[in-house]
Amino acid sequence: MPVLKIKGVDVDFPFTPYACQEDYMSKVIQCLQEKKNGILESPTGTGKTLCLLCATLAWRESFIASQQLQSLQRSANDDALFSSGFGKELSEDLYTAARGWGGADETGLLIEKPKIIYASRTHSQLSQAIQQLKDTSYRPKVCIIGSREQLCIHPEVASQQNNNTMVHMCRAKVGARTCHFYNKLEEKKSEKDFTENILDIEDLVKAGQKHKTCPYYMARELKTLADIIFMPYNYLLDPKSRRTHGVELRGNILIFDEAHNVEKMCEESVSFDFTSYDMASCVSETSKLLEKNLQVDSLNQQFNTDSSVSEFDTAELYQLKALFLVLEEAIDSIPLPADGSGVTKPGSFIYELLTKAQITFETYTQAVDLIEKIISHLTNNPSAVFSKTSGLQKFSDIMKIVFNSDSGGGSALQMAMMTKYYRVHIHVEDFNKRKQPRTDLDIKCQPDNSKSGKTLSCWCFCPGFSMRDLAAQDVRSIVLTSGTLSPLESFTSEMQINFPIKLENPHVIEKHQMLVGIVTKGPDGTILNSSYQNRFSPDYMQSLGNAIVNYSRIIPNGLLVFFPSYPVMNKCMEVWQETGVSNRICQYKPMFVEPKNKAQFHEAMEDFYQKINDPSLNGAAFFAVCRGKVSEGLDFADNNGRAVVITGLPFPPRMDAKVNLKMKYLDEVKARPPKEGITGRQWYRQQASRAVNQAIGRVIRHKEDYGAIILCDNRFTYADARAQLPSWVRPYVKTYENFGLLMRDLMNFFKSAEKTMPKPKPKARAYDLPGLKGPTSSQSVQKPGAVVHPSFGGTASYSTKGRTEPHQASLIVSHVPSLKRSDRLLSEAKLTIMYEAASASTSSSKSRGLLDALDEHEKKSKDDDEFEVDRPQETSKYSAVMKKRQEEQKKKVNQKKKIVIVKPSLQSKSLRFDSDLLKPASGLSGLPSTAENSKLKKTSEQETRSQMSAATSASTHSGRSMKAVMSAQEYIIKAKQSLSASGYKTFSKLMADYKKTSEFPALIAGLADLFIEDPAKHDLFRNFYKFVRPFHKKEFDQVCRNLTGMGCGYKPEDSLQRQRLEEIKSQGAVGHVEKRKRDADNTEGGRPVKIPCCQSRIQFLLMVLLEQAAGI
């Protein structure tokens, strides 16, 4: 591993860092050396976690070495020690290691070893950080702090559904020494599995199970000797959690990774909502315990026993119940407006309410102690048939927030802080919006329906309130880092502590590795706007669905689609199922929808990764919401996420009382001197932008990654919305007013990226990734096309009966064959030779054209929508025909053929080909030479027109009129006039490929690239409908409707055209075909080649292509 010298500190890094990574580590070390706070933004994928770990651990080693050197120098009584070889060598080594550790004023007799407290939002993100640490050369002593829910292995405790019950049951067993896992803690805490390994949550649980000891308390033991402690940052921000876990802050380094959520967590950790259900639960639990205690007192009196053996004082229980009833009455007596908007009071109003219940700064500790005692009793007493203690636990936590003794300064200061930073809001409770399912006890505790319940909310709107509390604990440095902190000025103003060291890093990728597009309209021209007024419009949802169908067709591997909220996503899913959009998406990618349930989420992610790694599929599509689990911390590198689609701006709910009060609070702060900070409106926009930027960061995760970012909302074109996109995205944003232009650029982008970018390494299984568990035997594996959607009651599988199972591949060039580039392009003349050769060489008596080239494939299945293509045989047949034709051309290079239309027998006409038209031109096989072009220019146009005029008067054959043939000629003329020379050649090759392979997606992709970009060419795209194979007409009509907004007039009988021709053939049309075969066999010696006028439209298209080639 290379060793870097950064600000005098030797940093071991796993590889040669990028320039932005060196800059990042330099800022981290500067924070630690100067004992200052820093706010560092670096885009997702720039390796900020690895840089954080290496830089902080390297500085810590240097700092400790300097302390050891100073201690050694002070403890030496003479210079003899340092003059000896060992002493001198030791001194030099310590001096070398100590360089760059910090200021010279940090001296002392004791060696100071600051701990690194590394906090992130979730344990899955912490697990990823620990995996990064394992990839370095550093091996510090590590501890990860988690909850009992994650770490407890005691069967009885771990089986509890309620976390509060689990906490109190665990404490009771530990106190009574009845937990045999805890009892082995002292014996096992020196085991190497715990002391010498870097353990994440899962590793710690496995080690605990192996040694039969408690992982939860083992983590607390390891914390005392750990060099670096990992924990979710709510454990760090919440004073109650800090006390519970014994987190020491003085002199330590605090690192907040994924810090874009710190603002919200700071506010929520010191806020609360106390519902009428919580109050009823408190009253109910206290009443039951009081009733039981009265029974015990009655028995004591009856048998003259000592009443002091009772655990609770009846008088205290009476007082506690009365406290709850008085508080409930005080809340219910507050009048609320009829419109349901609620009443807002200053933060100090909470003290007025509690004072009515005789709860003050002097008395609250008595109430809290009694409540904690009741909770412990209800949790651990086997005779207690009730254990619903959530209401009591919440009330106890509220008391600790309101009467926070850690703030210092006494009650006056605490009340002043509550007045300044808090707002109390009382509103009618909506029982339909409760997050947790109700139990029988809930129903018993629920207030009378005739009287609306009220919720008492006390919200903190200043994240700096918690951050200042951290800074006051004498920490060495606080480092906030994330990929989405901009604008840094407003973020730091909200934190209300000084951040003198700042950094806004660029990305490590280059321009060609990403495509960023704002799409203002869907395929049908509908404006894409997910505003509140428009988001549930049927036209909008249908157009958005059609757009995602097209993305699924073009984008390879993983596709992520983010919605502004769960209601919008659920509604779109319902509509798309009804209209068939979901079925169309599943033709290209299996669909997965983000569930709210944690267990279902892990299962959905597992299935998604399995589909991504399935080589038979073209990846999968995951539909999620901004600010959800998918948008936070999960890694969709390489094939896991090749594109992210943002369907709208996820603004917070504007009518929500908390959002409105937050905006008003910021406006009030902005109006007060010194008028710093941001306005409520600016905050409102930033919340949406940060959520979008976090979702954007799910793709393009490292230097060799690539992907597309598609913003499907015309509001992204507004200047303020674009200005808040990530700095590494803004320079490359392109606005697409035409949907076809985006499709063209997407195809070109992925085609180019797959050729130029390194192939990604095989990914680990999903359950090998941090935070995801492996499948159990009871878990079922979903079939491709299944949709996981919680609101639909589980998994809804789309039936594939009656539709074609598409060919799905992992590469865009495989999925869209039109993107494959052959070694040399076919000219129009050579293209016609191929079709003519294919027609002449067939042994069957069928007429052959562009759409007739693979009749035998149509017979392989009676269902027009299901067929197989025997490509190897067909390729070999065409190869032999082409080889034979080329040999014949070499022998007859000087012979000439003219194109004429003659009447064949049975009132048909034939076409004569002049061999000069087939003579290769110099430098390009298959094109007429310059001399031949000159000659042909004089005669071909007049001759062809007279021939076509004669043909017009001919009678029809097999039900096909010359009107269709003339239509084909007109189509070719219009196509050539509308397209460039290279575009016309591409058009010719498309028909050749379609004739050989019947690859309908390739045809559509190519035609869309040629005709959809310009609305004036949409008619050419629609008119091609008459030339596609019958079994593709229905699908072509739907695609045309999606891309141009208009269909092609499809009728069911259009798909049966081939069957009608077969019926005509069986009724005696064989004579004409036999004559065609004889004519085709007599093409040598300059004699005419007779091709009946009744041949398919596309055969005539090819003839006209040959004729037009002479004029190129």
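Author: Happy to! Let's start at Gln496, the residue that follows helix 25 and has a positive phi, near 60 degrees. Please keep in mind that this is a predicted model. Helix 25 itself spans residues 488-495 and is mostly covered, with six of its eight residues buried. The buried ones are Leu488, Ser490, Phe491, Thr492, Glu494 and Met495.

From here, look along the chain in both directions. Strand 12 covers residues 477-482, and strand 13 covers residues 501-504. Both belong to an open sheet of seven strands, ordered 5-6-4-7-12-3-13 and paired in parallel. The two edges of this sheet are strand 5 (142-144) and strand 13; each has a single partner strand, so one side of each has no neighbour in the sheet. From one strand to the next, the twist averages 15 degrees.

How many bridges pair strand 4 with strand 6? Strand 4 (residues 116-120) and strand 6 (residues 228-232) are joined in the parallel sense over five bridges. On this stretch you can find Tyr118 standing opposite Phe230 of strand 6. As for what holds such neighbours together, the strands of a sheet pair through backbone hydrogen bonds, either parallel or antiparallel.

Next, find helix 1, residues 19-34, which lies across strand 3 (38-41), strand 7 (253-256), strand 12 and strand 13. Helix 1 runs at about 170 degrees to strand 13.

Glu202 and Gln150 are 52 residues apart in sequence, yet their C-alpha atoms are 8.7 Å apart in space.

Strand 8 and strand 11 run antiparallel and are joined by three bridges, and Phe274 stands opposite Leu456 of strand 11. Strand 11 then pairs with strand 10 in the antiparallel sense over seven bridges; in that pairing, Arg423 has Trp459 of strand 11 as its bridge partner. Finally, strand 10 (residues 422-428) is joined to strand 9 by four bridges, again antiparallel, and Val343 has Ile426 of strand 10 as its bridge partner.

Are the residues of strand 11 buried or exposed? Strand 11 (residues 454-460) is mostly covered, with seven of its seven residues buried. In a regular strand, side chains alternate between the two faces of the sheet. On strand 11 both faces are covered: Lys454, Leu456, Cys458 and Cys460 are buried on one side, and Thr455, Ser457 and Trp459 on the other.

Two packed helices are described by the angle between their axes and the distance between the axes. Helix 18 (residues 314-332) and helix 20 (residues 364-380) pack at about 105 degrees, with their axes 11 Å apart. An angle from 65 to 115 degrees counts as roughly perpendicular, and helix 18 and helix 20 are therefore described that way. Helix 18 brings Glu316, Leu317, Leu320 and Phe324 to the contact, while helix 20 brings Leu370, Ile371 and Ile374. Six of the residues in this contact are nonpolar, none is polar and one is charged.

A last word on confidence. The chain averages a pLDDT of 74, and 69% of its residues score at least 70. Confidence is highest in strand 18 (residues 643-646), at a mean of 96, and lowest in helix 35 (residues 828-841), at 32. Residues 435-450 have a pLDDT below 50; beyond near neighbours in sequence, that stretch has 16 contacts in the model. Residues 1079-1096 are also below 50, and their stretch has 47 contacts beyond near neighbours in sequence.

Technical notes. Residues numbered from 1 in each chain as written. Predicted model: local features only at pLDDT ≥ 70, side-chain atom pairs only at ≥ 80, totals over all residues. Heavy atoms only, no water. pLDDT = per-residue confidence, 0-100. Contact = heavy atoms within 4.5 Å. Pairing = 2+ DSSP bridges. Axes fitted to C-alpha atoms, helices over the stretch in contact; angles between N-to-C directions. Parallel < 35°, antiparallel > 145°, perpendicular 65-115°, else oblique. Nonpolar A, V, L, I, M, F, W, Y, C, P; charged D, E, K, R; others polar. Buried < 20%, exposed > 50% of the residue type's maximum accessible area, 1.4 Å probe, protein only.
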